[in-house]
Amino acid sequence: MESGRTSLSAFLAQESSTIQAEYRSNLPQLILQLSTAIKKIAHLTSQGALAGALGSLDSQNVQGETQKKLDVFSDDILIETFKKGGLVAGIASEEVDEPISIPYTGEQKPFLTLFDPLDGSSNIDVNVSVGSIFSILPAPRGREPALADYLQHGRKQICAGYAIYGPATMLILSLGKGTHGFTLDSASQEFFLTHPNIQIPAETSEFAINASNERFWEPPVSRYIAECKKGKTDVRGRDFNMRWIASMVADVHRILMRGGVFMYPRDTKDPSKPGRLRLMYEANPMTFVVEQAGGLGSTGRARILDLAPESIHQRVAVILGSRNEVERLEQYHRDDDVKTKLNSPIP
Ligand code: AHG
Ligand code: MN
Ligand code: MN
């Protein structure tokens, strides 16, 4: 503890009684390991071109996306940290085809970590905020994890959060009892609690969506956005503002700080993909922190944390943020599904 400020490790010690007994001794340790990796990635991003960290590689990830150098550097840092840390039985990353399971040698390693090592890759080269998103799940006991062990639904997360590398580096995390924000003090290289118990306002007048996809949206999304854009004189009775940063961490961070709704909905752009964002590395952990701050996460038709994952790199529709807006969008999806059913020919 430094004069009146609560460091991340002091916070974890204070929260100890809220952590499930079986994870009490090692979850704080795992989070501190993670925070060390985050500091390394923060340093790389802040050095930008000086660290040789900008630009693309020739390689693609399993999802066919061109990898940026920083995607791979961040991925290596996180994988190394967790492998060396000795608390993790398995690792799954957006950038790696198959989960990396650590052979079981008789010593129980309690956690699985899943992560998007660098979120918002398209913003790296233009010096706009990027981040890392993480999810911590329980590992199976007494054996090496199999693929099915990683496919746990979002409610099973023990801890989740993200780091944002912006004007300030912040770590936002939830251990399942509220969502808390820490800011990296660049002088001491320590994270301090600056945003305890973040609360997302239930009402908002701000939405975030990639509007260039409008022609591919489903009717409930088009209806919601059209109503927001009509503003004061229409059904919403107030004017709305729009923001789209194209880094999920930055858009969701804004929502945690002042409310709003973030959407990457299902659309018809590429019928083979049920959404753009990944369930295990993006949707689940971000929904966990948003819901622990009083918000909601939904696909429009189902709650994200209730989804049964089918594959490790699965994509889903994401609607996330202020509770009343997410519920309104769910209602619009229900209305539209009823209409579609009524209009479909009787078999
Ligand atoms: P990633 O960089 O990990 O692939 O994720 C990018 C995601 C997310 O951060 C962002 O909200 C969205 O993709 C941006 O998509 P568009 O380029 O379609 O705006
Ligand atoms: Mn991402
Ligand atoms: Mn990524």
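What spacing do the donors of the manganese ion (ligand 3) follow along the chain? In this predicted model, the donors of that ion are arranged as E-x21-D-x1-L. The protein donors are Glu94 through OE, Asp116 through OD and Leu118 through O, and they lie 2.2 to 2.3 Å from the manganese ion (ligand 3). Glu94 sits in the loop between β3 (88–93) and β4 (100–101), whereas Asp116 belongs to strand β5 (residues 111–119), so the pair ties together parts that are 22 residues apart in sequence. Glu94 and Asp116 are both buried.

Asp116 also takes part in a second contact with metal: this residue bridges the manganese ion (ligand 3) and the manganese ion (ligand 2). The two ions lie 3.7 Å apart.

Two cavities of 30 Å³ or more are found in the structure. The largest has a volume of about 70 Å³, and its lining is formed by Ala89, Ile102, Pro103, Tyr104, Glu107, Gln108, Lys109, Pro140, Arg143, Glu144 and Pro145.

Five of the residues lining the second largest cavity are nonpolar, two are polar and one is charged.

Note on methods: Residues are numbered from 1 along each chain as its sequence is written. Chains are lettered from A and ligands numbered from 1 in the order in which they are written. This is a predicted model: local features need pLDDT of at least 70, side-chain atom pairs count only at pLDDT 80 or more; totals for chains, interfaces and linings use all residues. Side-chain values use heavy atoms; hydrogens and water are left out. Donors are N, O and S atoms within 2.8 Å of the metal (3.2 Å for Na, K and Ca); water is not among the atoms, so sites may look incomplete. Helices (H or I, at least four residues) and strands (E, at least two) are DSSP runs, numbered from the N terminus. Buried means under 20% relative accessible area, exposed over 50%, partly exposed in between (1.4 Å probe, protein chains only). On a 1 Å grid over the protein atoms alone, a cavity is a set of points where a 1.4 Å probe fits but cannot get out, and a pocket is an open set with protein on both sides within 12 Å along at least five of seven lines; lining residues have an atom within 4 Å of a point. Grid points are joined across faces, edges and corners, and a volume is the space filled by probe spheres set on the points. Ala, Val, Leu, Ile, Met, Phe, Trp, Tyr, Cys and Pro count as nonpolar, Asp, Glu, Lys and Arg as charged, and the others, Gly among them, as polar.
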